[in-house]
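Colleague: I have a chain open here and would like to talk it through with you. Could you start with the terms and then take my questions as they come?

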Amino acid sequence: MKVNSDIQKHILQCVEACELQLYGTEYIPGSPQHKIRIYIDTPNSSIGADDCQRVGQYLRDYASVHCPFLLQSLIEVSSPGLDRILFTLAHCKDNIGKKVRCKLKIPVEERKNFTGVLQDVTDQTLSLALDQNHCEILWDNVERIRIIYQPESKT
């Protein structure tokens with residue numbers, strides 16, 4: 001689920017104060033506590049545990065003064081990882097040619113789950129090459145899309 005835009009602004013401010021980039025956020029409802037997962041990145045994609053700890057601590061300190069309601073959720077800070085979620089069309093454009101797993105909100109061709117190579121991204125459409133077929137998916141219909149990490153072969 002998406003994080004509320006007001007909360008997103010607070011998170012962005014905290015991540016930028018730590019001189020890092022906000023890659024994406026997700027809200028995961030749960031019992032007894034909800035979870036907000038925050039993905040941070042750098043231009044060279046070298047996020048470490050110290051970066052995650054620093055952002056988490058800064059966010060908790062900031063929230064205790066400016067938005068205490070944020071502390072009602074469990075906060076996780078992580079790197080996007082090699083099998084990263086693609087939160088935006090820009091993320092998709094940056095990963096053309098990679099294999100992805102896509103879950104849809106509404107079925108297309110009687111399916112909600114697709115795995116294929118991301119071939120093209122337009123203003124509102126993703127183009128996936130499947131085993132024998134090709135599929136066009138509207139961005140608004142994407143519930144979640146994630147890279148399937150494939151190590152580069154050594155030749």
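Modeller: Contact here means heavy atoms within 4.5 Å. Among contacts in the protein chain between residues at least 6 apart in sequence, 53% join residues at least 24 apart. This is a predicted model, in which local features need pLDDT of at least 70 and side-chain atom pairs count only at pLDDT 80 or more, while totals for chains, interfaces and linings use all residues. Residues are numbered from 1 along each chain as its sequence is written, and side-chain values use heavy atoms, with hydrogens and water left out.

Colleague: How many helices and strands does the protein chain have?

Modeller: There are three helices and eight strands, taken as DSSP runs numbered from the N terminus (helices are H or I with at least four residues, strands E with at least two). From the N terminus on, the order is α-β-β-α-β-α-β-β-β-β-β. The C-alpha atoms fill a box of roughly 55 × 40 × 30 Å along the principal axes, and buried residues make up 38% of the 155 residues; buried means under 20% relative accessible area, exposed over 50% and partly exposed in between, with a 1.4 Å probe and protein chains only.

Colleague: Which residues of α2 are buried?

Modeller: In α2 the buried residues are Asp51, Cys52, Val55, Gly56, Leu59, Tyr62 and Ala63. They cover an arc of only 140° around the axis, which puts them on the same side of α2; the arc is that of the directions from the helix axis to the C-beta atoms. On the other side of α2, Ala49, Asp50 and Val65 are exposed.

Colleague: And what do the buried residues of α2 pack against?

Modeller: They pack against α1 (5–17), β2 (35–41) and β3 (74–78). As for its length, α2 (residues 49–66) has 18 residues and reaches 25 Å from its first C-alpha to its last, close to the 26 Å expected at 1.5 Å a residue, where the expected span is 1.5 Å times one less than the number of residues.

Colleague: Which residues are buried in α1, then?

Modeller: Ile7, Ile11, Cys14 and Val15 are buried in α1, and they cover an arc of only 100° around the axis, which puts them on the same side of α1. What covers these buried residues includes β1, β2 and α2.

Colleague: Just after α1, what phi does Glu19 take?

Modeller: Glu19 takes a positive phi of about 60° there, in the loop between α1 and β1 (21–28). Most residues other than glycine have a negative phi. Glu19 is exposed, with a relative accessible area of 73%. Glu109, in the loop between β4 (99–108) and β5 (111–121), also has a positive phi, near 55°, and Glu109 is exposed at 54%.

Colleague: Changing topic, where is Tyr149?

Modeller: Tyr149 lies in the segment after β8 (142–147) and is partly exposed, with a relative accessible area of 45%. Leaving aside its neighbours within four places in sequence, Tyr149 is in contact with Leu82 and Asp83. Tyr149 and Ile7 are 142 residues apart in sequence and 30 Å apart in space, C-alpha to C-alpha.

Colleague: By class, what does the lining of the second largest pocket have?

Modeller: The lining has seven nonpolar, five polar and five charged residues, with Ala, Val, Leu, Ile, Met, Phe, Trp, Tyr, Cys and Pro counted as nonpolar, Asp, Glu, Lys and Arg as charged, and the others, Gly among them, as polar. Of the 17 lining residues, Gly81, Leu82, Lys98, Ile147 and Tyr149 lie nearest the centre of this pocket. A pocket is an open set of points on a 1 Å grid over the protein atoms alone, where a 1.4 Å probe fits, with protein on both sides within 12 Å along at least five of seven lines, and lining residues have an atom within 4 Å of a point.
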